[in-house]
Amino acid sequence: MQITDSNLENILDRALKRKELSREEIVSLLEISDKDQLEALFQAARTLREKYFGKDIFLYGFVYLSTYCRNDCRFCYYRRSNRDSLRYRKKESEVLEAALDLAESGVHLIDLTMGEDPEYLDRGQAGIERLAGLVRKVKARTGLPVMISPGVVPESALQELARAGADWYACYQETHSALLFEELRINQRFAERLNTKYRAHELGLLIEEGLLSGIGETNQDLFLSLMAMQELNADQIRVMNFIPQKGTPLEGVAGPGSIREIQITAVMRLLFPDRLIPASLDVDGLDGLPPRLAAGANVVTSIIPPGQGLAGVAQSTLDIDESRRTTAWVLPVLEENGLQAGSRAGYRSWIEKRVQGLVGSES
Ligand code: SF4
């Protein structure tokens, strides 16, 4: 049922005052379809972003270092059984070169992502040490914080990665409905994936949790995801639209309209006003950035250096070799939207405060 304007005003007013919203209220925000009501939602999200982050937006450089994966997630282009998928495993020197290029272009963080590549994850200690060595070198050479997204790894590997200096561990559940998870992430364990994030947090790593929208979830499922993210006390949360991928079982399934992802981003900002929430270039490319920023996002992710044969995740090639996923293209978009790149010191300070528990405790 469509929410009335006065009910919406009341909910947004309470969200702006950081009052807890009920399940029904959160679901009603996810159900809005009226243009003016959506604009009111986005305006509230922007107000909260401004309150906690001012005009500052952080930029994340993305290095997809291996597109091999031992898993077979139904939605993913890089699933093990997809013969159409682009495969590569970058050498250490190539990863370092890409990371340095990104650092020089002004990003705030280097995100090292890979499929669950058996070369790293099924070779015992040697594979993990290789990955940890990469983290150490990227961090030393760029001087930037590092996010590592290796998939599900044992606690000993998390310890090794934390010792190597990783600041962030990203691992997306994609859905917090155990049933939908089972359908999508074939032969993987829901609890194991979730618990790995709890272990990583205990080891002092910051956590990014994420969900996929338009993949068969209901708004009640989305509510579950948002609550799971709160329970996890995630430091960064992201939503990305499902995009049908060539060569996968879901190839012929239509993805949702962009508004789905954008609307969820705004609801995330209401519930997590002081956290990092990305606008990814990976779904709609550079053209999709303004509406995501207008919905309260405060990080731009998937900035990728061109000409190095590096892929994106949901859009393996979109805008990459046209250089449109670079800071040179992103910065003017920030400016046009009344925003600016935050300082590196500001980003570091946020990380440090968050690790110390100083962000998220105030209202
Ligand atoms: S989503 Fe991740 S774990 Fe699943 S197949 Fe793709 S790369 Fe592998």
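The second largest pocket holds about 200 Å³ of space. Here a pocket is an open set of points on a 1 Å grid over the protein atoms alone, where a 1.4 Å probe fits, with protein on both sides within 12 Å along at least five of seven lines. Its volume is the space filled by probe spheres set on the points, which are joined across faces, edges and corners.

This is a predicted model, in which totals for linings use all residues, while local features need pLDDT of at least 70 and side-chain atom pairs count only at pLDDT 80 or more. Residues are numbered from 1 along each chain as its sequence is written, and side-chain values use heavy atoms, without hydrogens and water.

Select Y52, F53, W350, K353 and V359: of the 13 lining residues, these lie nearest the centre of the second largest pocket. A lining residue has an atom within 4 Å of a point. Next, colour helix 3 (35–53), strand 1 (56–66) and helix 15 (344–355), each supplying at least two lining residues; helices (H or I, at least four residues) and strands (E, at least two) are DSSP runs numbered from the N terminus. Helix 15 gives the most, with 5 residues.

Now move to the largest pocket, with a volume of about 270 Å³. Select R18, K19, E20, Q230 and L271, which lie nearest its centre among 13 lining residues. Helix 2 (23–30), helix 10 (219–232) and helix 11 (258–271) give two or more residues each to this lining. Which helix gives the most to it? Helix 10 does, with 3 residues.
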